[in-house]
Amino acid sequence: MVAVEGKAGGYLIARLREAGIPPPRMGVVLGSGLGEAAPGLDDALEIDCRDVPGWPPCGVPGHAGVLRFGRRSDTGLLVQSGRVHYYEGYDMEAVTFPVRVMASLGVEKTFMANAAGALNPVYERGCMMLVRDHINLMGVNPLRGVSDGEGNPAFLDVSNLYDERTGDELLERSKASGWPMEGGTLVAVSGPTFETGAELRYMRLVGGDAVSMSLVPEALMAHHMGMSITAVSLITNVWDLRKPHSISHRDVLKTAVEAAPMLRGIIASWIELQGLAG
Ligand code: HPA
């Protein structure tokens with residue numbers, strides 16, 4: 001595992017050196033249709049994921065599979081557009097490969113975004129949910145078989161997985177800017193099916209505010225690797241738990257594309273808050 005991500009890291013470091021771009025200390029991961037949320041970068045270098053040794057190919061419409069490296073306030077920033085999903089048939093090692101490569105490059109702070117369906121009726125289509133906590137119903141944990149560095153299983157404390165202080169500040173800034181965002185709990189499912197009515201009611205009953213098929217595996221791995229994590233779900237659809245309606249991936253993508261520019265403002269605020277400049 002380490003050899004493969006080390007090879008990817010080595011390839012990327014060589015490309016960065018050649019382009020005169022510092023290794024990234026901040027990493028942004030954007031999911032389905034969220035490419036438009038990508039922050040602007042100084043001296044950007046774009047790398048197709050297919051060129052990176054060991055990178056799993058992205059096969060889902062809306063997931064470009066591109067890495068952009070550059071600077072923001074003189075600090076190296078990496079933006080990954082497109083992710084690998086468990087529902088595509090990849091194992092958790094592949095799903096968390098990008099985040100392990102980020103760690104090997106020296107990324108310390110991550111911002112992860114995805115698309116999610118709302119369980120909480122206060123949410124509206126196109127608004128955002130700051131992920132305060134999660135419930136992993138994927139049936140798998142990416143840290144299974146991963147050691148803590150001393151040969152023990154990764155019995156990781158996940159009670160503080162999402163960076164609380166950055167989250168508080170982002171919520172305050174979003175209120176001041178008029179961006180619709182609330183804190184909530186994300187439920188992760190494996191997909192690829194959307195949820196049955198009974199599943200949706202169950203998820204709401206146990207405390208879920210939104211449901212998605214991504215982000216949680218990467219967040220668990222990033223936490224294991226010592227990175228700070230801020231996560232935001234873009235609400236692409238709102239479930240009516242009394243009468244679940246039909247839904248398609250195309251509808252999810254369409255809303256994601258429409259609302260992505262708002263997320264761009266949130267990401268710019270997140271970058272400012274990191275205080276890594278210099
Ligand atoms: N369920 C699961 N994943 C999703 C949804 C949903 O309703 N919307 C966007 N991703």
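**Ground rules**

I worked with a predicted model, asking pLDDT of at least 70 for local features and 80 or more for side-chain atom pairs, while totals for chains, interfaces and linings use all residues. Residues are numbered from 1 along each chain as its sequence is written, and side-chain values use heavy atoms, with hydrogens and water left out.

**Entry 1: the largest pocket**

I began with the open space. A pocket here is an open set of points on a 1 Å grid over the protein atoms alone, where a 1.4 Å probe fits, with protein on both sides within 12 Å along at least five of seven lines; lining residues have an atom within 4 Å of a point. Volume is the space filled by probe spheres set on the points, and grid points are joined across faces, edges and corners.

The largest pocket holds about 310 Å³. I found 23 residues in its lining, with A115, F194, M213, H249 and V252 nearest the centre. Which elements supply at least two lining residues each? They are strand 5 (109-118), strand 8 (210-212), strand 9 (228-238) and helix 7 (249-273). Strand 5 gives the most, with 4 residues. I took helices (H or I, at least four residues) and strands (E, at least two) as DSSP runs, numbered from the N terminus.

By class, I noted 11 nonpolar, 10 polar and 2 charged residues in this lining. For the classes, Ala, Val, Leu, Ile, Met, Phe, Trp, Tyr, Cys and Pro count as nonpolar, Asp, Glu, Lys and Arg as charged, and the others, Gly among them, as polar.

**Entry 2: the ligand**

The list is A115, A116, G117, F194, E195, V211, S212, M213, T236, N237, W239 and V252. Of these, A115, F194, M213 and V252 are also among the residues nearest the centre of the largest pocket.

Then came the polar side-chain atoms. E195 places one 2.8 Å from a nitrogen atom of the ligand. An N or O atom in the side chain of N237 lies 2.8 Å from a ligand nitrogen. For W239, a side-chain N or O atom is 2.8 Å from an oxygen atom of the ligand.

**Entry 3: the second largest pocket**

I put this pocket at about 170 Å³. It has 12 lining residues, and M92, E93, N141, P142 and R144 lie nearest its centre. The lining divides into 6 nonpolar, 2 polar and 4 charged residues.

**Entry 4: helix 3**

Is helix 3 (residues 97-105) largely enclosed or open? I found 7 of its 9 residues buried, so the rest of the structure largely encloses it. Buried means under 20% relative accessible area, exposed over 50%, and partly exposed in between (1.4 Å probe, protein chains only). The buried residues are F97, P98, V99, R100, V101, M102 and L105. G106 follows the helix with a positive phi, near 105°.

I came across a cis peptide bond between G191 and P192, with omega about 0°. P192 sits in the loop between strand 7 (181-188) and helix 5 (197-205).

I also noted two non-glycine residues with positive phi. D74 has a phi of about 70°, in the loop between strand 3 (66-72) and strand 4 (75-81). L215 has a phi near 80°, in the loop between strand 8 and helix 6 (216-224). D74 is exposed, at 58% relative accessibility, whereas L215 is buried at 0%.

**Entry 5: loops and cysteines**

R50 lies in the loop between strand 2 (42-48) and strand 3 and is exposed, at 69%. Its side chain makes a polar contact of 2.7 Å with that of D48. I count as a polar contact a pair of N or O atoms within 3.5 Å; within protein, one must be able to donate a hydrogen and the other to accept it, and residues adjacent in sequence count only if both atoms are side-chain atoms.

G35, in the loop between strand 1 (26-30) and strand 2, is partly exposed at 40%. G35 and P261 are 226 residues apart in sequence but 9.1 Å apart in space, C-alpha to C-alpha.

Last, I checked for disulfides (a pair of cysteine sulfur atoms within 2.5 Å), and the count is 0. C49 is buried at 3%, and C127 is buried at 8%.

Note on methods: A residue is near a molecule or strand if one of its heavy atoms lies within 4 Å of it.
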